[in-house]
Amino acid sequence: MRAQPDTLRHPLQRWLPASSPLVYGCMGLGGGWNDAPISEANIAQAHAAVEAALAIGITLFDHADIYTHGKAEAVFGTLLRRDPALRERLLIQSKCGIRFADAGGPSRYDLSAAYIEAAVERSLQRLGVERLDLLLLHRPDPLMEPEEVAEAVLRLRQAGKLGLLGVSNMPAGQMAWLAQALDQPLAANQLQFSLGHLEPLEALTCFNEPQAQAHPVALGWDSTLAYCQAQGVQVQAWGALARGRFSRDEAQTRPEDRPARELLQRLAARYEASPEGLLLAWLMRHPARIQPVIGSADARRIQACGDALRLRLSREDWYALYLAARGTALP
């Protein structure tokens, strides 16, 4: 059975019309998280992954300054230098704000103006481009000053180095606090969200009443997901394939994941799709028009994810997968 989605439009297309429903996450490119130089094998792997992503219609590529200690951006920059026309076929977003322990201090988050501007400069140099289409602030910084962030972003925009601003892993209250200082709406929020990580769906709702009582909701919003929907902020889901918990070798399946895995396999056969495509289609069925981020560097797995673009799960199948992964009945 093949079920066609009614629409693939998502909020980010208001700002970036060429943005695709799926995002390719470049976290696995460039080799290991070490100081080893980029090899030709690393470049070949990146090339295969990028071509596989383009082949299934992906136009938005997700980076972060810390991915493989900067090598993910650097190897991507190598691809762009070797094929300059490639830049016209894609959009680039990157993230900043996470700092590893160094001579200046411990592991920390840093959304100071100086750090944001310096991080963007370094990303542009590694990528070999003049402008980021979208910058995400990687983690909430307890010391964040919204006006300071706004000033840094304005300077980057005026210099032609930045298009849109978004956030990552940021709750609704902090998003609203930051947004009031900006002269342009936040474009996206990248959250951990998958069939194996249901917190964005259940946070601060009747599914989690003790937590809701312990943590009053800022500004009256019951969840970050609801806030993003109401404000037209694009929700991107990182970890969308749940690290293969439901779709890889059965021998690697945890006992508690087996019901969801078995159901996923049955549904994949019925929808004539890959398990990976079903996992992403489950996310995309949500009315927030979620953009799943594919983090695999395996070209075959990337290709399998393309099935999500032609699927629309029924309400019953969506809930069946949800309950199987949840492991308990709805309240």
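Tyr24 is in contact (heavy atoms within 4.5 Å) with Leu29, Ala49, Ala53, Ile58, Leu60, Phe61, Asp62, Val293, Ile294, Ser296, Ala297 and Ile302, leaving aside its neighbours within four places in sequence. The model is predicted: local features need pLDDT of at least 70 and side-chain atom pairs count only at pLDDT 80 or more, while totals for chains, interfaces and linings use all residues. Residues are numbered from 1 along each chain as its sequence is written, and side-chain values use heavy atoms, with hydrogens and water left out.

**Nonpolar cores**
- Tyr24, Phe61, Phe76, Trp282 and Ile294 have the most contacts inside the largest nonpolar core, which has 94 residues.
- A second, separate core of 11 residues includes Val23, Leu60, Ala187 and Val293.
- A nonpolar core is a set of buried Ala, Val, Leu, Ile, Met, Phe, Trp, Tyr and Cys residues joined through side-chain atoms within 4.5 Å; buried means under 20% relative accessible area (1.4 Å probe, protein chains only).

**Helices H1 and H2**
- H1 (residues 40–55) packs against H2 (residues 71–82) at an angle of about 75°, with axes 9 Å apart.
- H1 is therefore roughly perpendicular to H2 (65 to 115 degrees).
- Glu40, Asn42, Ile43, Ala46, His47 and Val50 of H1 meet Val75, Phe76, Thr78, Leu79 and Arg82 of H2.

**Helices H3 and H4**
- H3 (residues 113–127) and H4 (residues 146–158) pack at about 30°, their axes 8 Å apart.
- The two helices, H3 and H4, are therefore roughly parallel (under 35 degrees).
- Ala113, Ile116, Glu117 and Val120 of H3 make the contact with Glu148, Val149, Ala152, Arg155 and Leu156 of H4.

How values were computed:
Buried means under 20% relative accessible area, exposed over 50%, partly exposed in between (1.4 Å probe, protein chains only). Axes are lines fitted to C-alpha atoms, for helices over the stretch in contact, and angles run from 0 to 180 degrees between N-to-C directions. Helices (H or I, at least four residues) and strands (E, at least two) are DSSP runs, numbered from the N terminus. Angles under 35 degrees count as roughly parallel, over 145 as roughly antiparallel, 65 to 115 as roughly perpendicular and the rest as oblique.
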